[in-house]
Amino acid sequence: MTTEHDTPTNSPRRLPRLDAEEALALCFSLTLSQGLFLACGVVGAIVLAGLASGDWPAAVLGGWLQGIEASVRAFPTAVTVGAACALALILFALSWNSEKRALSSEEGRAAVMRSRQSINGEMPRVPLLALIVLMTLTGIAEELLFRYVIFGLAQQLTPLLPGFVAAGIGLVISSVAFFLAHGGRPELATSGTFLLGVAFGVAYLATGSLAIVALAHALYDLLVLLVRRRQMRRDPDYFGGPAPQRVVMDEPDEDTKEAARP
């Protein structure tokens with residue numbers, strides 16, 4: 001005779017194994033894409049500093065760093081960290097609630113399971129230290145480009161418009177760009193990316209702090225991945241089938257996709 005305490009349904013399991021080469025491919029792919037975003041962000045920051053000051057040599061030789069430093073130091077460290085943590089937790093709670101609502105319907109559950117059979121099902125299984133480094137890089141690179149640079153350029157390139165109009169233009173452009181940069185796959189995870197971009201944009205407009213949005217972005221991503229790791233250990237039906245192993249490495253190239261189209 002067994003009791004409720006003898007039933008191992010809620011006991012943690014081993015994290016489903018991820019192909020080692022696939023993990024390396026994921027890390028390399030993400031590092032490459034975030035490195036590109038970071039490079040574009042630095043170039044954009046130089047252009048922004050040049051437009052703002054009119055002194056292009058000074059902008060190139062380090063003036064672009066002054067604006068970033070001012071934005072990073074907009075608030076004391078304790079306020080920055082507290083605001084970033086609060087924002088990350090709020091966005092995570094909204095994301096968690098959205099997925100729970102999706103799982104309550106057959107159509108939504110099917111969409112969730114499809115997303116878990118993609119990179120979304122692989123990324124949480126990358127080694128923890130690599131996840132921390134990659135999500136930190138992601139927060140810095142993407143917020144530098146999509147918030148600091150795009151908002152700044154919107155203000156510089158629309159000097160005759162009222163400030164709130166320029167801010168609105170920057171919010172729309174940055175959120176659309178953020179969505180397009182993440183929306184290459186028709187997965188459930190990308191459906192809320194535009195709103196996530198809007199949330200980070202509003203937070204940046206409200207605070208002017210690159211540090212707050214970059215840290216919040218990194219914490220949000222890391223929290224999502226850590227919770228998914230926990231779910232994988234506790235839910236034997238998390239993937240709705242076998243765990244994905246080689247999504248990136250087995251992805252067909254563009255010529256193959258083109259040939260397969262009717």
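Student: In which helix does Leu 51 lie?

Tutor: This is a predicted model, in which local features need pLDDT of at least 70, side-chain atom pairs count only at pLDDT 80 or more, and totals for chains, interfaces and linings use all residues. Residues are numbered from 1 along each chain as its sequence is written, and side-chain values use heavy atoms, with hydrogens and water left out. Helices are DSSP runs (H or I, at least four residues) numbered from the N terminus, and Leu 51 lies in helix α1.

Student: Is Ser 174 buried or exposed?

Tutor: Buried means under 20% relative accessible area, exposed over 50%, and partly exposed in between (1.4 Å probe, protein chains only). Ser 174, in helix α7 (residues 163–182), has a relative accessible area of 0% and is therefore buried, whereas Leu 51, at 35%, counts as partly exposed.

Student: Which residues is Ser 174 in contact with, leaving aside its neighbours within four places in sequence?

Tutor: Contact means heavy atoms within 4.5 Å, and with those neighbours left aside Ser 174 is in contact with Phe 146, Arg 147, Ile 150 and Phe 151.

Student: At what angle do α1 and α2 pack?

Tutor: Axes are lines fitted to C-alpha atoms, for helices over the stretch in contact, and angles run from 0 to 180 degrees between N-to-C directions. Helix α1 and helix α2 (residues 56–72) pack at about 105 degrees, with their axes 8 Å apart. Since angles of 65 to 115 degrees count as roughly perpendicular, α1 and α2 are therefore roughly perpendicular to each other. Among the residues making this contact are Leu 51 of α1 and Trp 56 of α2.

Terms used: Helices (H or I, at least four residues) and strands (E, at least two) are DSSP runs, numbered from the N terminus. Angles under 35 degrees count as roughly parallel, over 145 as roughly antiparallel, 65 to 115 as roughly perpendicular and the rest as oblique.
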